[in-house]
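Me: I have a model open on my screen and would like to learn how to read it. Could you take me through some of its features?

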Amino acid sequence: MRLNVTHKTTYRFDQPIRRVVQSLRLWPSEFEGQIATEWNVDIPGSVRGSAFRNGAGDWIETSTVTGPIDEVMVTVTGTVETTDLSGVLRGHRERVPPEAYLRTTRFTRPDTALAKLAEGATKGADSPLKAAHDLANAIRDAIAYTPGETDSHTTASEALAKGAGVCQDHTHALIAAAQTLEIPARYVVGYLHAEGSIAEASHAWAELWVEGLGWVGFDPANGVSPDENYIRIGSGLDSVDAALIRGVSQGAGSEELDVDVQVSAADQ
Amino acid sequence: MTLLSRHAENLFWIGRYIERAETNARLLEVGQRNALIPNIGGGYRNEWDSVIRASGTAQLFRQKYGEPVQRNIESHLFFDSDNPSSVASCFEAARENGRIVRTALTSQTWDALNTAHQEMTALKRRERSSIEKHEMIDWTLQRAALMRGTIEDTQLRVDGWDFMNIGLYLERADSTARLLDVKYFVLLPQVDLVGSGLDNYQWRTILRAMSAHRAFNWAYGGEVTPAKIADFLILNRKSPRSLITCAEEACWHLDRLARAYGRATEAQTRARTIVAYLSEISVEDVFDEGLHEFLTRTIREIGELASIITSVYLNGEAN
Amino acid sequence: MGNAYFNEMYDGSEVRVPYEGLSGWADGMPAEFRSLKQTEAEALFRRIGITFAVYGEGGDPDRLIPFDMFPRVFAADEWRKLERGIKQRARALNAFLLDVYGRGEIVKAGQIPSRLVYRNEAFEHAAVGFKPPRGVYSHIVGIDLVRTGPDEFYVLEDNCRTPSGVSYMLENREIMMRMFPQLFQENRIAPVEGYPQLLKRTLASVAPDKCEGEPTIAILTPGHFNSAYYEHSFLADMMGVELVEGQDLFASGDFIYMRTTEGPKRVDVIYRRIDDAFIDPLCFRPDSMLGIPGLMNAYRSGAITIASAPGAGVADDKAIYTFVPDMIRFYLGEEPILNNVPTWQCGKKDDLKYVLDNLPELVVKEVHGSGGYGMLVGPKSTKAQIETFRAKIEEDPGNYIAQPTLSLSTCPTFVEEGVAPRHVDLRPYCLVGERIELVPGGLTRVALTEGSLVVNSSQGGGVKDTWVMAE
């Protein structure tokens, strides 16, 4: 499928600030499931540099804007040809050993409820792949998709206790649960083309390490594995580590964030 | 060698704090001498209030102590670490700034900063009643002189030295202007008192506090008048604490920076404007404008120069 | 009891060769002269501002580390062996770091359990797949050693991140030379004063490819409230480089710049004295105010060198320590010259049982602890203390390792009654860049309390000048 993406992030500051420094993770991953035919990241007034590909295979760049400024706008536009690989991340070059993704963070630190859920959900699984699917389904059932119940600081165990959350919470919970079973798991960010809905176009899901297959994506929020409707951007240990944009603004005052993402299927 | 903007700021403040500590000691001297002069209406004149005003910490003082009582004022100006301008606070801040830029100081300069702080710590532990006022004042003046002397005699004449001196002279200009302003504005609002014996005495006290009464006599001789005093402390290049001397010194150090860095900035332009203005006016012009008005304006201009220097050199933003 | 320990100066009543120059020196010193010198030394230390603050103890932040005037001495041949062993270890530790952030051969070969490496808190994802200039991760390796006999040295631990204390090595020598010049005329003592220049040369040798001309080096400090600030500023001064805080640096385009009175100036090498977690809020802890946003990206894209490299801490973890001899064999194909102390991992069932059965004879430490805190010295502890500690171990065994109580050597030390033997250890500082260098000396720490084996300055330890006799 050919997907067109427009992703605008606007930061507004109530007082002009001195500097904004951002680390950008905004370029599509390179693997057999997708190829970007066109891709642009535009930040008016910025100086860009320090570009490199990290150990997890993501393209990273620094952007700095020197003030005084009261607004920074990041615009991503592009087109990606996607293929359904049933969630398998085939042909992706990366260097971080899977076992390094057994490390927990404050978001994915498990509690007994998560461990219990993981153990119960995978009891009947006869293969690692089946176990991963069972686990993803169990998370979907345990956390109802409910915007507004959680925020960006909510941890996996908190979301499970609430029984409600959004894709970030599903993903953290799935990672945490998988890790209790010694299954390496990580946080993946990207875009989702959802017919008739623009909600959650900037999306997050999990990848679990499945012996024999490698990294396989699971989107518990939608109960599927990523297919041709998904564009993969990058990964990390949790939502902060994998964020599309991490920034620091130097100056007083507060910041207001506005994100607008449009993903549409191009006419064939 | 490059000078970090932050370090330049530390050096600038070392200069300011040394001078500020000295100003406090001089204010104590003023207050103390005045307290020894009987008031015409009986009792002793309470001039401590004006001393506190001149130090720029009146509000802080009232919050902590209420009415100005000599003993409290001494604590406030000398020992009190709640008062960021007390001698103790200034010496501590000078030393702390020095600690940060240890590598930019000679060991003699560091010794002078460090020793003053250590001695102050020891002094604080002593029974207060065993410490004579003149001991506090003399000690402060000596320590400040030693610090300035080591800066002058041992520091390399590089940009860091200029920043220390710029801080010192801006602070001195500010304190001279404030001291004059308080004396004129607070104590002598009624014109009929000007020229009276009491007035005379107070003007002399200012000179004494500036360690300048002998220099004044040498420069002017004869009767002490407000005009002569104003001239001496504002416009006379022979006076080491006059506004014009301070402005010229600051300007000279700024020019050195411009030469060393190969570019002049708004700071040099502004400093030169202040010097030019002070060179052209006479003491009559000052009194025509109104001494208080003139001093208020000058204090503001010095403040503006300081903030230009900050944005040009001490933020490290300018290219 | 005293005879059980190796006395570095006396072999029975005979004075050992390296200490011959000090024979009679202390005995002939009148008590008054000695206390005068001690006062002088203290005044000197205080004057140069070399003080330290003890973590979590409060009290006087300007406290001095006690300085003992009696030097600790190594013969040239003793040092030669130590030097070879230290350099060997520093080389192996760096090979290990380059490997685990690269292909991980040692893990694949089954020499070190992958769990200990990849699940280690100190293993940095952000460093994976990056080869720093000259392949060096740890540029200053501090190796803590103890001696138990004429030829027996044990490595207690490795410090691959930012080993501190080198300013004491240098200042102790300065002060001794100032107070006792005749000792230095009568004895041929190898100088240590070249250390700052060697460090500068080492750092310059690992400048990134993008550096043009003479590299600009800066030392990054958390600030003047840090207990090691004196050392940071001392080193910057001796090396002739800038001492910067995070706020002095900023990222722009491909590079990192420092704010100067003449405008932005590019920085090529940063010797940082800040933990990984704090050096870049865009990569590590987002709440860090000490770091430089964008530093890691600049580092990864080859614009700046960070020493030690982010992630170096995985090599000096106490759990990894056990495997250093294996690293030496694996990477260098050599037999280790210096011994490890036998170590029991309480996380292992059999080891735990042994440890719990033998607590009164063992030293037990926290895996991530430092500074002598949270440790049990079995032979010096009461029954109650041992029992309290036993409960702590049982609660979280993986957090503890245990070692036999070593018979640390003693060195003559000035005490109230005169001169008496006290236990010492040694931390030399090995520099790794284009070449591997070691100045002949190090920091000797001494347990000033009679019979004590804890030399940490935070626990009542002092320091001594460390002499290596010239050939």
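Reply: Gladly, and let's begin with burial. A residue is buried if 20 or more other C-beta atoms lie within 10 Å of its own, exposed if 12 or fewer, and partly exposed in between, with C-beta atoms placed from the backbone. Keep in mind that this is a predicted model: local features need pLDDT of at least 70, side-chain atom pairs count only at pLDDT 80 or more, and totals for chains, interfaces and linings use all residues. Residues are numbered from 1 along each chain as its sequence is written, while chains are lettered from A and ligands numbered from 1 in the order in which they are written.

Me: Which residues of α12(B) are buried?

Reply: First, the naming: helices (H or I, at least four residues) and strands (E, at least two) are DSSP runs, numbered from the N terminus. An α-helix has 3.6 residues a turn, so residues three or four places apart point the same way. In α12(B), the buried residues are B:Leu243, B:Ile244, B:Thr245, B:Cys246, B:Ala247, B:Glu249, B:Ala250, B:Cys251, B:His253, B:Leu254 and B:Leu257.

Me: What span does α12 of chain B reach from its first C-alpha to its last?

Reply: The expected span of a helix is 1.5 Å times one less than its number of residues. Helix α12 (residues 243-261) of chain B has 19 residues and reaches 27 Å, close to the 27 Å expected. After α12(B) comes B:Gly262, with a positive phi near 70°.

Me: How do I read a strand, and which way do the residues of β3(C) point?

Reply: Look at both faces. C:Phe67, C:Met69, C:Pro71 and C:Val73 point one way from β3(C), C:Asp68, C:Phe70, C:Arg72 and C:Phe74 point the other way, and all are buried. Strand β3 (residues 67-74) of chain C is thus described as mostly covered, with eight of its eight residues buried. Then look for a partner: two strands pair if DSSP finds at least two bridges between them. Over five bridges, β3(C) pairs in the parallel sense with strand β23 (residues 461-468) of chain C, and C:Arg72 stands opposite C:Thr466 in β23(C).

Me: How many residues does the largest nonpolar core have?

Reply: In soluble globular proteins, nonpolar side chains tend to be buried together. A nonpolar core is a set of buried Ala, Val, Leu, Ile, Met, Phe, Trp, Tyr and Cys residues joined through C-beta atoms within 7 Å. The largest one here has 280 residues, and those with the most contacts inside it include A:Leu135, B:Ala247 and C:Ile256. A second, separate core of twelve residues includes C:Trp344, C:Val355, C:Leu362 and C:Leu376.

Me: How many residues of chain B are in contact with chain C?

Reply: Two residues are in contact if their C-beta atoms, placed from the backbone, lie within 7 Å. By that rule, 18 residues of chain B are in contact with 20 residues of chain C. On the side of chain B that touches chain C, α1 (5-35), α5 (87-100) and α6 (107-125) of chain B each supply at least two residues, and the largest share, three residues, comes from α1(B).

Me: And how is chain A divided into domains?

Reply: Domain bounds come from an automatic or database domain assignment. Chain A has domain 1 (2-81 + 245-265) and domain 2 (85-236), whose C-alpha centres lie 24 Å apart. Between them, 22 residues of domain 1 of chain A are in contact with 20 residues of domain 2 of chain A.
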